[in-house]
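Hello,

Here is the model for your files, with the sequence alongside. My notes on what turned up follow below it.

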Amino acid sequence: MATVSEPQTGDRSNPARWLVVAIPYIWLLLFFAVPFLIILKISFSDTAISIPPYTPVFEGFGAIGDYLSQLDFENYLFLTDDPLYFQAYISSLRIALISTFLLLLIGYPMALAMARAPSSIRPTLVMLVILPFWTSFLIRVYAWIGILKPDGLLTLLLQTIGLMGPDDQVQIFRTDYAVFIGIVYSYLPFMVLPLYAALEKMDNTLLEAASDLGCPPWKAFWKITFPLSLPGVIAGSMICFIPITGEFVIPDLLGGADTLMIGKTLWTEFFSNRDWPLASAVAVVLLLMLVVPIAIFQNQQKKVA
Amino acid sequence: MKSHRFDATVLTLGFAFLYIPIIILVVYSFNASRLVTVWGGFSLNWYTTMWSNEGLMDAAWVTARVGVISATLGTILGTLAALTLVRFVRFPGRMLFSGMIYAPLVMPEVITGLSMLLLFVALGIDRGFWTVIIAHTTFTMCYVAIVVQSRLLTFDRSLEEAALDLGCPPVKTFFKITLPLIMPAVVAGWMLAFTLSLDDLVIASFNTGPGATTLPIKIYSQVRLGVTPEINAICTILIGLVTLGVIATSISTKRTELRRIRDEHEAARGA
């Protein structure tokens, strides 16, 4: 083992060495970190009917004092004023929590079955899980519209096998149920893969020992398999929960008028009402809600790496 | 035995759930009837009408260019970022750096899209083709970094060290030794970046401008109007292209891997 902290060359002044760090670092600072500061700034500014539709709060770096005195909490007050926003946040969290739970319920048995499959077919099974993930998100959501529509394929199927009268129709499309189906369908690979990664690494001799000592399989699962797969459970849940909370496409295409999700609210504020400061405030609050799950996710990733 | 049957059932149901909607979508792109629930016989009608839809073809061309340019930039930046994560254990702001690599992976797209748009407005940059490319490069580079990082972590450093000991300059060592060895991961990262760019609706919607309508934006606006077999046809072509790409990459990765193992065996025998 060579010393890890002394990479490639001992020549620390080599400029090429530092370019490796500097180029991606500066790019991410400029295009990922700085935008968050701007969004924060604009969330405190006034709405104005102009392009860009907000009055600048900030001119030059010397004006920080001015800026602080001009801070305007109007947009945030508006968010607390209108119960619609509060309900949208709560409803997003509710939908994300229930979906994550459903994903675990469906994803865990799949991942476990994959991990227990003969090692010769495991790569194929992994490939089969990844492949739908490569096909477009939008296409996969679109596919469900044709199935769930009142005059769609599910109605046709149920009518054909006689579970439904010829005049009845499935009333799932444009409800929260359709949103759950769409989310579980779209995010399933994201849940299965981290779970599989955790379960596949597991030492089978532990289960054999438990079984030799007379532990029933069901108990062995809860005492050994599940606790050992917890890193995968946490990683999978966070990878699903965080983006689902801000999901836009699925509630917009499959949900109904009463499906409240904050991603949709933000989109409407921005594209329909053209209220950029309010949209920014909505985004800042959403981000604050997700700080803890994101921190858990980051921690988990660092442990894996 | 009982658990085997249980596993087989779970996997069958799971994969049926994952694949049946896509299969239905593909099948109905060949439907002669305009109605989704009526099978009017096999037809390639929707594929031919699609070609004459100029807006759609323009969008496809924009998407392909955005995908290739942003995936290439994202792969270069992502590979550098992976090297930074693995090889530079200590430098000021490393915590922030790894945070900025992991956060975009889970960040809701509406937040990333909106914040980037506000940056472009603040800088006075007109939105269009290049702003979409910058936005896509930024989030795809993080995925590339993760893929390349995992390869670098399991990488045998002795070849690199040998080259350096023999006086090969570090930059040359990287291009002659390191890069060829991590190439499968770099190629896989590029493929992932390209499909992510091809797929993105939300971030592109925020950052696009006149003349830079991408395919997902176009498909989305048509989907809102209703299900048509024409959309099924475009989707089928996209699914076909992506499937071919994935299979081709996995075959070529396997081949490179086999060749590497054979070369190592031969080298060992020679020595």
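The model is predicted. The largest nonpolar core holds 156 residues, and the members that touch the most other members are A:Ala111, A:Val282, A:Ala283, B:Leu114 and B:Ala145. Helix H8 of chain A, residues 176-200, supplies the largest share of this core, with 16 residues.

A:Ala111 is one of the residues named above. Leaving aside residues up to four places away in sequence, A:Ala111 touches A:Val192, A:Leu195, A:Tyr196 and A:Leu199. In general, nonpolar side chains tend to be buried together in soluble globular proteins.

Among contacts in chain A with a separation of 6 or more, 71% are between residues 24 or more positions apart.

Then the interface. On the chain B side 69 residues are in contact with chain A, and on the chain A side 75 residues are in contact with chain B. Helix H1 of chain B, residues 2-28, gives the largest share of the chain B side, eleven residues. Sorted by class, that side of chain B has 52 nonpolar, ten polar and seven charged residues.

Regards

Definitions and conventions:
Residues numbered from 1 in each chain as written. Chains lettered and ligands numbered in written order. Predicted model: local features only at pLDDT ≥ 70, side-chain atom pairs only at ≥ 80, totals over all residues. Core = buried A, V, L, I, M, F, W, Y, C linked by C-beta atoms within 7 Å. Buried ≥ 20, exposed ≤ 12 C-beta atoms within 10 Å, placed from the backbone. Helix = DSSP H or I, 4+ residues; strand = E, 2+ residues; numbered from the N terminus. Contact = placed C-beta atoms within 7 Å. Nonpolar A, V, L, I, M, F, W, Y, C, P; charged D, E, K, R; others polar.
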